[in-house]
Amino acid sequence: MPRFLGALVSAITTVNKAAFHIAVLLIYAIVPVLLIDVVMRYAANSPTIWGMELATLLFGPYFLLAGPYVMHLKGHVAMDLLRRKLNVKQDRIMELVNLPVIIAFCGILLWYSLPSAIDSFNYGETSFSAWNPPIWWTKAAVPLALVLMLLQAFAEFLRVLFRDQGGEAAAP
Amino acid sequence: MSSTAILLMMFGGLTLFMLTGLPIAFVLGGLSLLITVLFWNAQAVIILVLQIFDTMKSEALLAIPLYILMAALLSRSGVIEKLYRAMELWFGRVRGGLAIGTVVICVIMAAMTGVVGAAVTAMGMLALPEMLRRRYSPGLATGTICAAGTLGILIPPSVLTIVYAVTAQVSIGKMLIAGIVPGMILASLYIGYILIVCWLKPDAAPLPKDFEPAPLRQRLAALTSLILPGLLILLILGSIFFGIATPTEAAAVGVAGAAVAAAIERKLTFDAAFSAAVDTARATAMILWITIGAKAYVAIFTGLGGADSLLNLIRSLDVGPYVILTVMLLILVFLGTVLDEIGIILLTVPVFIPIVKFLGFDEIWFGVLYAITIQMGYISPPFGYTLFYMKGVLPSGLHMGIVYRGIAPFFLLQGAGIIIAMMTPGLMTILPRLMIN
């Protein structure tokens, strides 16, 4: 593939690998937050008002941001009964049809989710719980993850188009 | 456009999209978008966005990565190897003992973790070579491991049960606890079957000629390996059963317990913790992206009146409730052979639950039946997950044909399990009814 496209593909994959690793480490933030809440509730008998809520607020960004790189790792399950019967050429054509579907899906959803994330930021939306934290940042994870997924699908599309399976960033 | 036509389009489109090999998450999400834009109005796409926000703040679904992480840490902790050694010392001198012991360990692992892969992989690496060395029939050995490994779906905690409970909107704690009785029944069926096979065909599981039982002191010492798993199980199931903690809180404590177990075995390295978290993020992202797609799909399906027209169709059929129930279960068993199980639950539960309510059946009991059909899906070719795990650990001399033949009797036993569960709704829901609140 042309050099600038190759650079683009590996840049996208690198960014998504970084996002995946941030998500990977997030679980080790979620667990202690929950543990503090459990200990305070059952041992000290004074539950935190923020424990469970903070953990659930982190949960969305956690699985959303991990998604794009998992696609690169071919970790999203698919029904491959028919696909396994195809030869290499037919399989490649299917891939060239499927990846634009993902791009379109992310694009349309992005179109509708971006305004609600921007509104949330502009109004300084909070959760209206006892703790009442700002929640625009967790909503912002939706358009962000969709952009990243769109870019990764585009990168995978270029890889298939130019028959470059580029394994350089494949290992997690 | 009539609602029946839309119904046909949604199911037909689903089948067609699935066959292209597009990841299930995007099949569901993409089809929902397409139908919304074509047949509803474009502004309704906002419903899909709201579904995503809704999924993100689910406390119940947060339990999923926690139980996966717990399993990932435990399988790196060396605790399972120790359990296996203890089992070998105690069951090694019984005919078919290693196979029976494998079922017992799988039950313990099922009660510690919420995923299937960990048990199948661990037993495939530990028990399979030893059973083959003792000239067990390869079919019996691999079938036992695959089938017993799926007990994790019924025996709590279980990720798939959580997905069911969230989708069917029943109490997660009750649904989890309900898995215990049928899980034990299935485990007993497996053990009974192994005993009968060994009795009819002694060659299927011969005793080694040079076998010498270990001294009692050594055997008793090996039992210390049960302490940590026992405590973990007691902690998690106990706190759920007595309503002390939510399943999510119990899962967080379980992760801490698994980390402590790994630390005691001196296996809690940075690498182990990181690779456990990588496995967790992969599995969770896969499950939750499907969840988003499925929620969107179901929202559109209901919004366009698909659920209502399906109910009307069933009302007009005028057949007995048990006939409809059997048809639903057969559909699930069939889907289990071709489709991912998370996808099946998320897609079919919202369609089936209104029918189940209409027929006057208990949703928790139906959940138990569901879980058994999912176990059948897990061991049946071509899409059974346990088969993939088994493939990864199979010695070079064996091929998958032996495994396929080996699981056949266990598939039938699971079918028998469904029939037992269908005939004893009272027994299946006895534990959840005993629960406080």
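A polar contact is a pair of N or O atoms within 3.5 Å; within protein, one atom must be able to donate a hydrogen and the other to accept it. Keep that in mind for the exercises below, which use a predicted model.

**Exercise 1.** Work out how many residue pairs are in polar contact across the interface of chain B and chain A, and which helices of chain B take part in the interface.

*Solution.* Start with the pairs: the rule finds nine residue pairs in polar contact, both partners at pLDDT 80 or more. Next, turn to the helices. On the side of chain B that touches chain A, at least two residues each come from α1 (3–19), α2 (24–39), α3 (45–56), α4 (59–75), α15 (247–264) and α16 (270–303). Of these, α16(B) gives the most, with 15 residues.

**Exercise 2.** Find the salt bridge count between chain B and chain A, and name the partners.

*Solution.* The count is one salt bridge. Its partners are the side chains of B:Glu249 and A:Arg41, at 3.3 Å from N to O.

**Exercise 3.** Describe the size of the contact between the chains.

*Solution.* First, take the residues: 60 from chain B and 56 from chain A. Then take the area: about 5100 Å² is buried, and carbon and sulfur atoms give 81% of this. Finally, look at the leading contributors: B:Phe26, B:Met56 and B:Trp289 supply 15% of the area that chain B buries against chain A, more than any other three residues.

Notes:
Residues are numbered from 1 along each chain as its sequence is written. Chains are lettered from A and ligands numbered from 1 in the order in which they are written. This is a predicted model: local features need pLDDT of at least 70, side-chain atom pairs count only at pLDDT 80 or more; totals for chains, interfaces and linings use all residues. Side-chain values use heavy atoms; hydrogens and water are left out. Contact means heavy atoms within 4.5 Å. Buried area is the accessible area (1.4 Å probe) that two parts lose on being put together, summed over both. A salt bridge is a side-chain nitrogen of Lys or Arg within 4 Å of a carboxyl oxygen of Asp or Glu. A polar contact is a pair of N or O atoms within 3.5 Å; within protein, one must be able to donate a hydrogen and the other to accept it, and residues adjacent in sequence count only if both atoms are side-chain atoms. Helices (H or I, at least four residues) and strands (E, at least two) are DSSP runs, numbered from the N terminus.
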